[in-house]
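I set down each item as I looked it up.

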Amino acid sequence: MEKQTMNLTRFLIEEQRKYPSASGIFTELFSEIALAAKIISREVNKAGLVDILGYTGSKNVTGDEVKKLDIFANNTLKHILCRGGNAIGLASEEEEDVVQCESGKYLVVFDPLDGSSNIDVNVSIGTIFGIYNKMDDFVDKKQFRRPGRELVAAGYIIYGSSTMFVYSTGTGVHGFTLDPSVGEFILSHKNIRIPEKGKIFSINMGNYKKWDKNLQDYIDYITEEDKETKRPYSLRYIGSLVADFHRNLLYGGIFLYPADKKNPSGKLRLLYEAQPLAYIVEQAGGYASDGKTPILDKIPSEIHERTPLFIGSKENVKELEKFLNR
Ligand code: P6P
């Protein structure tokens, strides 16, 4: 019975009791994010049934085609978090500038609906978020120029065959699955640990010709036949960061989005994609880098900065780094 009734709120409260100094505001903030996740999940899951599909015909601040659900997800998170009184400021992929809220102890960064180009074909998509302690009540871009090591929590929601809420507050990674019949996230994956080494690699092979030689050599190496070192690895790539990351977190392996001739700094965003996922993967025993520097040590110079991202099982990422830094 206990297993079926351990929901996100109860789990957060029990975790909070381990830290007498905890004020409980953190738990409120997480509950606000969970509420937004349930609302977004409802819209994502019915998207095929109502005319919410299709592009708005606009581009977001970073130049990506924006779908209606992106805007819906962004506005849902912004509305709930800014009125909740716990987040003093926000940074979002869908907002050109930072968002100043009324009051609160925390800053929240998020990609409201990553992988949205997959919405029309029913591929899993996700929300990614990170939480920092505020530095000042006046929120400007400077407050977001900090290393991911200063994150106090991070997580993602994956809208797939089921909706899952996966997060860490620095004491391990825990996963909750939404039971729509009661509208609760129920603990389903306590203390997620990523395998030290995995056999999955996730990369867009269509860009092979654009990569530098060292990366091509790494891909050639892991796709060679060699029983002793359990090669070739298996390619699994769905083109939706949260879905690819979630699978590799559970099964082990490496996700790669390198810089290339088309994207000299890579495609993915440091502040609200790479850093939160790097926080999660390190909490689960994995590792993330840009090929040279740990993602959690990098400081964004501007809120929409891009970065190369290599993330997953520690041994796999370290093996790749050896090739890239030969
Ligand atoms: P490509 C989706 O548009 C996204 O931002 C990530 O979710 C995904 O990992 C990546 O882009 C896919 O990019 O260039 O392989 O289509």
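Entry 1, the domains. I began with a definition: the domain bounds used here come from an automatic or database domain assignment. I noted also that the model is a predicted one. With those bounds, I read the protein chain as divided into domain 1 (3-189) and domain 2 (200-324). I then looked up the spacing and found that the C-alpha centres of domain 1 and domain 2 lie 23 Å apart. To the contact between them, domain 1 gives 49 residues and domain 2 gives 32 residues.

I listed the residues around the ligand, among them Asp114, Gly115, Ser117, Asn204, Tyr237 and Phe255. By class, I recorded four nonpolar, five polar and two charged residues in this shell. I also checked which domains supply the shell, and each of domain 1 (3-189) and domain 2 (200-324) contributes at least three residues.

For Tyr257, I noted a polar side-chain atom 2.6 Å from an oxygen atom of the ligand. For Leu241, a polar backbone atom is 2.8 Å from a ligand oxygen atom. For Lys267, an N or O atom of the side chain lies 3.0 Å from an oxygen atom of the ligand. Last, I looked up the cover: on its own the ligand has 400 Å² of accessible area, and the protein covers 80% of that area.

Key. Residues numbered from 1 in each chain as written. Predicted model: local features only at pLDDT ≥ 70, side-chain atom pairs only at ≥ 80, totals over all residues. Heavy atoms only, no water. Near = heavy atom within 4 Å. Polar contact = N/O pair within 3.5 Å; in protein donor to acceptor, adjacent residues only side chain to side chain. Areas by Shrake-Rupley, 256 points an atom, 1.4 Å probe, with all protein chains shown as cover. Nonpolar A, V, L, I, M, F, W, Y, C, P; charged D, E, K, R; others polar. Contact = heavy atoms within 4.5 Å.
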